[in-house]
Amino acid sequence: MTESHSKHILSIMVDNEPGVLARIVGLFSGRGYNIESLSVSEVDSDRFLSRVTVVTSGTKNIIDQIKAQVRKLIPVHNLIDITELKSFIGKELILMKLDIKQKTVLKIHKHIKNIGAKILFEDKTVIIIEFSGTPTEISGLIKKMKVYNIVELTRSGLVSMALGKDYIRR
């Protein structure tokens with residue numbers, strides 16, 4: 001019987017110092033674990049702490065190994081598997097540049113308004129939009145906007161936070 005693979009969101013509080021991200025990524029790559037999404041930013045400048053959010057997948061055994069090995073890294077203060085909490089929010093940000101033609105501008109504007117995206121830049125040749133949503137919503141937006149000729153896009157990694165009183169201690 002084969003174990004099923006599941007996606008996990010790991011929220012890791014680390015010292016904000018050079019080389020920390022390289023050590024975390026090196027741990028994953030050195031052992032052949034895949035990183036599906038990665039987001040990192042300083043969250044406490046007074047204490048020099050950053051939060052690294054890693055989305056990965058694997059069997060329960062593999063996820064347990066990843067968590068145990070990450071926790072052993074010296075700059076790691078805490079690790080929480082967000083997907084094991086009762087409830088959480090997970091969002092990504094996308095910036096998308098669309099090649100516009102005069103006859104499609106109104107359709108694009110209507111679509112952007114309907115989904116709650118923002119126009120960050122517009123001229124006679126391109127529109128750049130910003131949208132925040134779940135990974136599924138982001139993927140759906142990309143699929144819908146392909147008809148308008150996507151010139152370029154960039155997605156942030158997933159960021160997540162527990163609801164209620166579940167949280168990652170600093």
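Select Thr-83 and Asp-81. Their side chains make a polar contact of 2.4 Å. A polar contact here is a pair of N or O atoms within 3.5 Å; within protein, one must be able to donate a hydrogen and the other to accept it, and residues adjacent in sequence count only if both atoms are side-chain atoms. The model is predicted: local features need pLDDT of at least 70, side-chain atom pairs count only at pLDDT 80 or more, and totals for chains, interfaces and linings use all residues. Residues are numbered from 1 along each chain as its sequence is written, and side-chain values use heavy atoms, with hydrogens and water left out.

**Around Thr-83**

Thr-83 touches Lys-7, His-8, Ile-9 and Phe-88, with residues up to four places away in sequence not counted. Contact means heavy atoms within 4.5 Å. Draw a C-alpha distance from Thr-83 to Lys-7: it reads 8.1 Å, for residues 76 apart along the chain.

Thr-83 sits in the loop between β4 and β5. Helices (H or I, at least four residues) and strands (E, at least two) are DSSP runs, numbered from the N terminus. Colour by accessibility next. Thr-83 has a relative accessible area of 29%, so it is partly exposed. The cut-offs: buried is under 20% relative accessible area, exposed is over 50%, and partly exposed lies in between (1.4 Å probe, protein chains only).

**Along the loop to Ser-87**

Select Ser-87. This residue is also in the loop between β4 (76-81) and β5 (88-99). Ser-87 is partly exposed, at 29% relative accessible area. What does Ser-87 touch, not counting residues up to four places away in sequence? Ala-162 and Leu-163.

**Into β5: Glu-92**

Move to Glu-92, in strand β5. Is Glu-92 buried or exposed? Its relative accessibility is 9%, so Glu-92 counts as buried. Show Arg-155: the two side chains make a polar contact at 3.0 Å. Beyond four places in sequence, its contacts include Phe-131, Pro-135 and Ile-138, along with Ser-156, Gly-157 and Leu-158.

**The α3 and α4 pair**

Select residues 105-115 for helix α3 and 135-145 for helix α4. Their axes come within 12 Å and cross at roughly 165°. Axes are lines fitted to C-alpha atoms, for helices over the stretch in contact, and angles run from 0 to 180 degrees between N-to-C directions. The two helices are therefore roughly antiparallel to each other.

Show side chains at the contact. From α3 come Ile-108, His-111, Ile-112 and Ile-115; from α4, Leu-141, Lys-144 and Met-145. By class, that contact has 5 nonpolar, 1 polar and 1 charged residues. Nonpolar covers Ala, Val, Leu, Ile, Met, Phe, Trp, Tyr, Cys and Pro; charged covers Asp, Glu, Lys and Arg; the others, Gly among them, are polar.

**Two positive phi values**

Check backbone torsions. Most residues other than glycine have a negative phi. Select Phe-48: its phi is positive, about 55°, although it is not a glycine. Phe-48 lies in the loop between β2 (37-44) and β3 (49-58). At 52% relative accessibility, Phe-48 counts as exposed.

Then select Asn-149, where phi is near 65°. Asn-149 lies in the loop between α4 and β8 (150-155). Its relative accessibility is 36%, so Asn-149 counts as partly exposed.

**Asp-44 in β2**

Go to Asp-44, in strand β2. Its side chain reaches the backbone nitrogen of Arg-47 at 3.1 Å. Asp-44 is buried, at 11% relative accessible area.

**Zoom out**

Select the whole chain. How many helices and strands does the chain have? There are 4 helices and 9 strands. The C-alpha atoms fill a box of roughly 55 × 50 × 35 Å along the principal axes. Of the 170 residues, 36% are buried. Among contacts between residues at least 6 apart in sequence, 71% join residues at least 24 apart.

Note on methods: Parallel < 35°, antiparallel > 145°, perpendicular 65-115°, else oblique.
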